Amino acid sequence: MNDSRTNTFDQTSTTRCGFMTRTRAAGIATLAAAGLWVGSAVAGALPAQAQPAEAAVPAPLAAPVQFLESAGLLKALDLPATTPASEPVAQDIATPAPAPVEPPPAPAPNPASVTLDELVQIVPQVSPDRLAQYVQPLNDALAKAAIDTPLRKAAFIAQLVVESDSFRTFEEYASGRAYEGRADLGNVAPGDGERYKGRGAIQVTGRHNYQSVSDYLGVDFVAHPELMATPENAFETAAWYWQSRNLNAVSDSGSIEKVSRIVNGGTHGLLKRIDSFQRALGVLH
């Protein structure tokens, strides 16, 4: 039975199918031109029921060209080959080598000092081990009294060599009774002669001198005269005596005899003082 609704539906359906067929054909042609055709995908994309019954089945298409590599695709599209930009290679930044560190210059020797080797040469009659005990206190005394030239150092050491019997003693061998009652030395009380006999690297003698050096160093040598004979005080008291008599100026004149008379009060051991002075000058120059 011919129904108008059926006829209308058939016409509409046919029209729609025709439109869809033309549209899909145009799309397939476009994809083929771009080299992106995949035959099986297109064939499967058309539902069988959407094709008109009277449409002719096209001949089987050739196997689709598959571009598995980008190079093949670019060749088909006639496009220049490109390579992905390589990542920049990190370059080592040249770091300048650190400047060599110069070792600090060796400190200049203190002019107001002597070395153990120098002292051994000046006083060869004493063992180096014994002299080694006195290098530091001797240098402290040289610095304290500004005994800082070869002439001054030679004159000072020459007096110490005789006064201390070549650093063997810092106390006078004699008993000191010879100084009893010596008002010029300040020995006014009984027993002062023995109590304040010569002590130190330069034999400081008498109560008056003991009191003066006590005031200078802050050590009570009047109450404790034996402290002046200790090594730490023996050289300091010698420095005090040297300064109190302005013996640097006398030494600068080069007259060891003048220095010796001031230290000793006479000419005792003068030849030995001169010999030590000349040896010291030869070592220290």
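**View 1. R182 and D184 pair up through their side chains.** The two side chains meet in a salt bridge, 2.8 Å from N to O; the term means a side-chain nitrogen of Lys or Arg within 4 Å of a carboxyl oxygen of Asp or Glu. R182 is partly exposed at 33% relative accessibility, while D184 is exposed at 55%. Here buried means under 20% relative accessible area, exposed over 50%, and partly exposed in between, with a 1.4 Å probe and protein chains only. This is a predicted model, so local features need pLDDT of at least 70 and side-chain atom pairs count only at pLDDT 80 or more, whereas totals for chains, interfaces and linings use all residues. Residues are numbered from 1 along each chain as its sequence is written, and side-chain values use heavy atoms, leaving out hydrogens and water.

**View 2. The largest nonpolar core has 50 residues.** Such a core is a set of buried Ala, Val, Leu, Ile, Met, Phe, Trp, Tyr and Cys residues joined through side-chain atoms within 4.5 Å. F156, L160, F167, F235 and W242 have the most contacts inside it. Elements giving two or more residues to this core include α4 (116-122), α7 (150-163) and α13 (270-284); helices are DSSP runs (H or I, at least four residues), numbered from the N terminus.

**View 3. F167 and its neighbours.** Leaving aside residues up to four places away in sequence, F167 touches L119, V123, R130, L131, Y134, L160, V161 and F235. A contact is a pair of heavy atoms within 4.5 Å.

**View 4. Helix α10 and its covering.** With 14 residues, α10 reaches 20 Å from its first C-alpha to its last, close to the expected 20 Å, a span taken as 1.5 Å times one less than the number of residues. Among its buried residues are F235, W240, Y241 and W242. What covers the buried residues of α10 includes α6, α7, α9, α11 and α12. Just past the helix, N246 takes a positive phi of about 50°.

View 5. R279 is partly exposed at 28%, as is D275 at 37%. Elsewhere, salt bridges that share partners join D148, R152 and D252 into one network.

**View 6. D165 and R168.** The closest N and O atoms in this salt bridge are 3.6 Å apart. D165 is partly exposed at 23%, and R168 is partly exposed at 39%. A search of the whole structure finds 13 salt bridges.
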